[in-house]
Amino acid sequence: MNVSNIESASAADLAPVLLSCLQRLGQLGREGAVALARLVEDDDADFDEASEWIADIASGGLRE
């Protein structure tokens, strides 16, 4: 997937890309977290929403 397609991508298209990116950031540890934190603005409601869903997934609370 190209970055230019993100706006029109479906959830099914984005999920595997996001998973790969999150896993790679996890491998990078603090360096990966800091790089992401530099991009996130304090009042980014979309990021806040997404991070809550990711936290639910990480805790095993969200399944089909």
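These are my notebook entries on a predicted model of one protein chain.

**Ground rules.** I number residues from 1 along the chain as its sequence is written, and side-chain values use heavy atoms, without hydrogens or water. Local features need pLDDT of at least 70 and side-chain atom pairs pLDDT 80 or more, while totals for chains, interfaces and linings use all residues.

**Entry 1: the fold.** I found three helices and zero strands, in the order α-α-α. Helices here are DSSP runs (H or I, at least four residues; strands are E, at least two), numbered from the N terminus.

**Entry 2: α1.** I looked up helix α1, residues 11–28, and its 18 residues reach 25 Å from first C-alpha to last, close to the 26 Å expected at 1.5 Å a residue. That expected span is 1.5 Å times one less than the number of residues. Just after α1, G29 has a positive phi of about 65°.

**Entry 3: charge.** I noted 4 positive and 13 negative side chains, counting Lys and Arg as positive, Asp and Glu as negative, and leaving out His and the chain ends. Where does negative charge gather on the surface? I found a patch made of E41, D42, D43, D46, D48, E49, E52 and D56.

**Entry 4: D43.** I placed D43 in the loop between α2 (30–39) and α3 (45–58). Is D43 buried or exposed? D43 is exposed, at 65% relative accessible area; exposed means over 50%, buried under 20%, with a 1.4 Å probe and protein chains only. Buried residues make up 2% of the 64 in the chain.

Definitions and conventions
Patch = residues over 30% accessible without salt bridge, like charges linked within 9 Å, V, L, I, M, F, W, Y side chains within 5 Å. Areas by Shrake-Rupley, 256 points an atom, 1.4 Å probe, with all protein chains shown as cover. Salt bridge = Lys/Arg side-chain N within 4 Å of Asp/Glu carboxyl O. Charge placed at Lys NZ, Arg CZ, Asp CG, Glu CD.
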